[in-house]
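Keep the sequence and the structure in view while reading.

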Amino acid sequence: MTSPQFSPLSRRGLLASAGAAGLLAAVGAPAEAAPAAAPRRSAALVVHNSRVFSGTRGHARAQAVAVGRDGKILAVGSDGALKRFIGRDTQVVDGRGGTLMSGIHDGHAHPTGAADRSLKPSLAGAEQTVDELQKTLTGFLKDSADQEPDGWLVVEDWNPVGLLPHGTAPHHSMLDALPTRRPIALVGGDGHNVWANQRALDIAGITAATPEPPGGKIVKDKDGKPSGVLKDDAQPLVTRHIPAPDREQLIAAAKKTFAEAAASGITTFMEAVVGENELSLYQALSERGALPQRIVPALRIDSDLAKDPAAALAFARKLRDDFGGVRGLRFGTVKVFLDGVIEYPAQTAAMLEPYTDKDGKPTDNRGELYVSGADYGRLTAAFNKDGWQMHAHAIGDRAVRTSLDGYAYALRKTGIRDVRNTTAHLQVVDPADLPRFAKLGVIPCLQLQWASPSTWTMEALLPYIGAERHRWQYPARSLERAGARLAGGSDWPVDPLQVWNQVRTAVDRYGAEGEGDGDLYREEEGISRTSSLLMHTLGTARQLRMDHLTGTVEQGKSADLVLLDRDVTRCPVADISSTEVRLTLTGGTVVHDAESSAGRAAAARVTRAAAGPRPDAQAAVHGGRHGSCGCG
């Protein structure tokens with residue numbers, strides 16, 4: 001089960017001496033032989049002196065776990081009971097009172113996107129005046145002066161609501177004023193906006209007469225000319241002209257990215273937007289033994305293809321056939337964008353009632369619904385009948401309802417239950433739709449690190465939807481009370497990967513990133529600590545149809561485990577955010593060991609990413625952070 005690409009389990013500090021005598025001395029058990037009737041199977045690894053969060057109703061006081069040589073959990077129980085699994089070559093880990101639990105299953109993320117972003121300069125979600133932004137970009141131009149006059153400057157993590165003063169609209173003229181003739185594209189940290197200069201628009205051939213693609217918007221200025229901002233499926237009009245990154249550099253960046261995820265405790269990812277390029281990258285990583293997580297690729301079905309279920313199904317089957325042999329990938333999920341983003345000025349999330357203006361007066365804008373309910377229902381029925389599950393991006397309450405309508409149609413049409421169709425994000429849900437999740441067996445996959453007071457959830461939203469709808473943001477507790485089975489995801493790299501802050505924010509609705517004195521409806525929508533841990537482990541394993549394999553700590557399950565530096569079941573809720581992962585195992589293989597040099601390096605990268613903007617952007621930052629919905 002071991003892989004030479006992953007550092008061996010260190011014995012410096014983390015590991016106690018191997019063998020029965022070492023464990024007996026550590027736990028203070030008497031040196032006596034195990035009962036003759038007890039079966040004796042030597043474990044590959046035993047963790048003791050921990051607080052086991054099993055995710056089950058049993059093992060309430062378990063302190064130890066034995067991992068078999070087949071990568072499965074041999075036993076869960078007390079320190080004394082598990083001493084019989086210690087053999088001469090068993091590795092023995094002192095848990096030091098920290099939580100031992102299932103690895104985190106991330107039900108909606110973009111790890112290959114994170115790798116690609118890491119190769120480019122970043123604005124780190126900064127809120128800036130136009131002058132400050134131009135100074136930052138001028139610095140990036142100087143850093144890459146060898147690319148003059150025709151090399152693209154592509155900058156990641158632009159904050160689409162971050163121009164100061166708030167409400168300032170981006171325009172290509174602001175980028176045209178920079179001291180260069182290079183094409184420039186600022187890529188929104190939300191994954192739904194690109195801001196281009198005139199040179200980039202010219203290369204893409206975008207003019208006032210360019211038709212908008214389905215599911216996309218070319219923003220126009222008051223003269224009817226392109227402003228330089230492209231939304232959703234209009235983004236590729238520009239981005240397809242950007243040269244692809246060097247293949248080997250991308251593979252190297254991806255190896256670091258997945259190592260960071262292992263250092264954060266993630267043992268399973270659902271990659272939420274996948275096509276042939278992403279699958280090819282996964283193939284390269286797998287061939288090099290550099291995939292420390294299980295990967296569920298969600299194959300993207302675009303708005304046009306969604307209208308033709310037979311063609312969409314053929315497309316998905318071909319990708320599965322072409323890449324189905326890649327070790328570590330588990331096919332069976334497709335992804336559809338039903339709408340965009342909700343924050344001002346984008347406002348492309350589909351709403352049941354119109355957005356209001358800044359003075360609270362209704363407008364004629366209800367956002368964009370990229371796929372109709374009828375089309376989504378037919379598409380869902382076709383895929384469900386073929387054994388696939390659906391994963392819908394739905395931010396606004398109208399998009400959420402559309403997803404549920406589609407799932408209801410598919411259930412009537414096929415009669416197939418427990419396919420575990422999923423609706424992701426759910427930034428605003430109409431309360432009338434809450435009971436439908438449990439009734440239809442639909443999984444709500446929430447990104448609850450966003451459920452905190454910030455520019456994104458307050459200034460860029462509250463005035464434009466009103467208090468009544470604002471209260472129904474990320475309604476986790478209401479969904480849980482209505483019988484829904486919650487799942488969780490990060491949408492990384494829309495926000496930095498902060499797994500344990502994500503777990504904490506689901507509880508207190510404030511988290512380490514909260515702004516101001518209040519929380520985001522904690523009393524109404526905060527969930528318990530146990531519920532948060534479960535939604536990010538068993539709940540997401542269930543979403544991904546892997547709960548028979550993983551997601552809990554019990555005999556016979558795969559040893560997808562994390563050992564933490566504290567007891568997250570008992571420490572103050574605020575302290576969960578700073579949790580560090582000492583050990584991560586996937587299928588019994590050690591994929592992160594905090595005591596190793598590689599583990600320390602990965603953990604340091606995680607810490608730097610969570611700390612916020614890089615020094616070169618810090619001077620321009622005014623508390624900005626990435627917003628909701630993300631790359632998908």
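Thr402 lies in helix α11; helices (H or I, at least four residues) and strands (E, at least two) are DSSP runs, numbered from the N terminus. The model is a predicted one, in which local features need pLDDT of at least 70 and side-chain atom pairs count only at pLDDT 80 or more, while totals for chains, interfaces and linings use all residues. Residues are numbered from 1 along each chain as its sequence is written, and side-chain values use heavy atoms, with hydrogens and water left out.

Is Thr402 buried or exposed? At 7% relative accessibility, Thr402 counts as buried. The scale is as follows: buried means under 20% relative accessible area, exposed over 50%, and partly exposed in between (1.4 Å probe, protein chains only). Leaving aside residues up to four places away in sequence, Thr402 touches Leu338, Leu369, Val371, Ser372, Gly373 and Tyr376, where contact means heavy atoms within 4.5 Å.

The helix around Thr402 can be checked for its length. Helix α11 has 18 residues (397-414), which at 1.5 Å a residue should span 26 Å, and its end C-alpha atoms are 26 Å apart, in agreement. The expected span is 1.5 Å times one less than the number of residues in the helix. Besides Thr402, the buried residues of α11 include Asp397, Arg398, Val400, Leu404, Tyr407 and Leu411. The elements that the buried residues of α11 pack against are α10 (373-385), β19 (389-394), β20 (422-425), α12 (434-440) and α13 (462-470). After α11 comes Gly415, with a positive phi near 70°.

Next come the empty spaces. Rolling a probe the size of a water molecule over the atoms shows where empty space is left. On a 1 Å grid over the protein atoms alone, a cavity is a set of points where a 1.4 Å probe fits but cannot get out, and a pocket is an open set with protein on both sides within 12 Å along at least five of seven lines; lining residues have an atom within 4 Å of a point. Grid points are joined across faces, edges and corners, and a volume is the space filled by probe spheres set on the points.

The whole structure holds four cavities of 30 Å³ or more. The largest cavity contains about 90 Å³ of space. It is lined by 14 residues, and Tyr407, Ile416, Val419, Asn421 and Leu440 are the closest to its centre. Helix α11 gives the most to this lining, with four residues.

The largest pocket has a volume of about 1600 Å³. Its lining consists of 42 residues, of which Asp116, Thr239, Val273, Asn277 and Glu278 lie nearest the centre. Among the elements that give two or more residues to the lining are α2 (111-117), α7 (247-263) and β16 (266-274). The largest share, five residues, comes from α8.

Glu278 lies in that helix, α8 (residues 276-287). What is the exposure of Glu278? With a relative accessible area of 24%, Glu278 is partly exposed. Apart from residues up to four places away in sequence, Glu278 touches Thr112 and Val273. A polar atom of the Glu278 side chain lies 2.8 Å from the backbone nitrogen of Gly275. Glu278 and Gly113 are 165 residues apart in sequence, yet 8.6 Å apart in space, C-alpha to C-alpha.

Two other sites are worth a look. His48 lies in strand β2 (residues 45-48) and is buried, with a relative accessible area of 2%. Ser596 lies in the loop between β25 (589-593) and α18 (597-610) and is buried, at 7% relative accessible area. Its side chain reaches the backbone oxygen of Asp593 at 2.8 Å.

Buried residues make up 58% of its 632 residues.

Key
Polar contact = N/O pair within 3.5 Å; in protein donor to acceptor, adjacent residues only side chain to side chain.
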